[in-house]
Amino acid sequence: MTTPQTVTMTIPMTDWRSRFGFHTAPFTREIPVAQRFPLPFFDEVLTALFRTVDQRNSAALIAPSGTGKTALLRALVDLLPETRYRVHYVKVTDLSRRDLCREIAAVCGAQPAGSYPVLVRRLQECFLATMTDDAVRPVLLLDEAHDLRPNVFGLIRILTNFEMDARLVLSVILAGQTPLREMLRHPANENVARRLSHVATLRPLSRPESHRYIGHRCTIAGATTIPFDPGSLEAVYEVACGNLRATDQLAAKALEVASDNGAAIVDASHIAQARRLIPGS
Ligand SMILES: Nc1ncnc2c1ncn2[C@@H]1O[C@H](COP(=O)(O)OP(=O)(O)O)[C@@H](O)[C@H]1O
Ligand SMILES: [Mg+2]
């Protein structure tokens with residue numbers, strides 16, 4: 001009988017954050033609204049969505065994954081004073097009409113039970129009460145709206161129709177990836193599309209914006225000098241093409257790689273190594 005051997009492994013515990021002068025991890029998803037990367041086109045979209053809600057209308061925000069839709073919704077929530085608006089956020093998943101109603105009811109504090117017509121009535125009552133009893137305007141943010149099933153679109157039309165359209169009560173913001181545009185163009189969804197008073201979009205960052213974005217994310221994480229050389233900034237843009245999420249993933253991984261290699265600054269070779277470590281990149 002052989003005695004089991006104890007295998008010991010040495011893991012290099014270099015703290016790459018302090019190596020590059022960060023006081024927190026850069027390129028994470030949890031970016032405070034106040035520290036967002038400021039860009040005029042983000043602000044224009046934000047203003048348009050704010051105006052839509054202010055006019056008690058509904059809108060769509062349609063852009064590819066990773067371009068900043070959810071972050072922009074968070075900025076919108078931040079812009080809407082709690083004294084005037086009650087915002088409900090629902091991340092749509094592939095649900096039936098009834099289950100989506102239950103999901104919305106749960107976030108709105110309504111009882112998430114009953115048949116589809118009962119739930120619809122309960123939701124409408126809840127939104128109306130928000131308006132009349134609490135004197136605040138209900139806003140429903142439906143994120144990942146490209147996942148809405150075809151027969152669920154009608155729910156949006158029903159939820160925004162109060163007293164045979166005599167009253168504007170609920171504002172809905174549909175945020176979703178590009179297939180949402182085609183879904184809204186479908187003749188069956190014409191009634192829903194007509195209820196949207198604005199359709200906004202976001203684009204990937206340009207090359208110089210991408211360079212500045214990386215600098216911004218490093219600065220807000222505490223770095224006094226940007227630990228990416230010009231070649232690495234170019235290399236990130238070549239791979240991520242200005243997509244925020246792809247830029248974040250690649251830049252974060254490249255910092256780890258550079259640190260493991262004992263480098264003081266990220267260069268293009270670290271980006272190439274990092275790319276190989278990120279699935280699908
Ligand atoms: N204005 C911004 N400033 C800084 N980082 C941002 C900004 N907008 C988005 N991000 C970051 O980019 C990543 C992708 O954004 P996200 O809103 O999740 O995209 P989407 O919802 O379009 O898939 C997130 O990690 C987020 O923190
Ligand atoms: Mg999102």
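1. Glu256 and Lys253 form a salt bridge, with the closest N and O atoms 3.5 Å apart. The term requires a side-chain nitrogen of Lys or Arg within 4 Å of a carboxyl oxygen of Asp or Glu. The two residues are three apart in helix α11, so about one helical turn separates them. Glu256 is partly exposed at 31% relative accessibility, and Lys253 is partly exposed at 24%. Buried means under 20% relative accessible area, exposed over 50%, and partly exposed in between (1.4 Å probe, protein chains only). Elsewhere, Arg207, Glu234 and Glu238 are joined into one network by salt bridges that share partners.

2. On the basis of the model: it is predicted, local features need pLDDT of at least 70, side-chain atom pairs count only at pLDDT 80 or more, and totals for chains, interfaces and linings use all residues. Residues are numbered from 1 along each chain as its sequence is written, chains are lettered from A and ligands numbered from 1 in written order, and side-chain values use heavy atoms, leaving out hydrogens and water.

3. The salt-bridge count comes to 13. One of them pairs Arg149 with Asp94 (2.8 Å, N to O). This pair links distant parts of the chain, 55 residues apart: Arg149 lies in the loop between β3 (137–143) and α6 (153–159), Asp94 in the loop between β2 and α4 (97–108). Helices (H or I, at least four residues) and strands (E, at least two) are DSSP runs, numbered from the N terminus. Asp94 is exposed at 53%; Arg149 is partly exposed at 32%.

4. The largest pocket has a volume of about 760 Å³. Its lining has 29 residues, and the closest to its centre are Arg29, Gly68, Thr70, Ala71 and Arg245. Pockets are open sets on a 1 Å grid over the protein atoms alone, where a 1.4 Å probe fits, with protein on both sides within 12 Å along at least five of seven lines; lining residues have an atom within 4 Å of a point. The volume is the space filled by probe spheres set on the points, which are joined across faces, edges and corners. Helices α3 (69–79), α9 (207–220) and α11 (244–260) and strand β2 (85–91) each supply at least two lining residues.

5. Ser171 sits in strand β4 (residues 171–176). Ser171 counts as buried, at 2% relative accessibility. Beyond neighbours within four places in sequence, its contacts (heavy atoms within 4.5 Å) include Val53, Arg56, Asn57 and Pro138.
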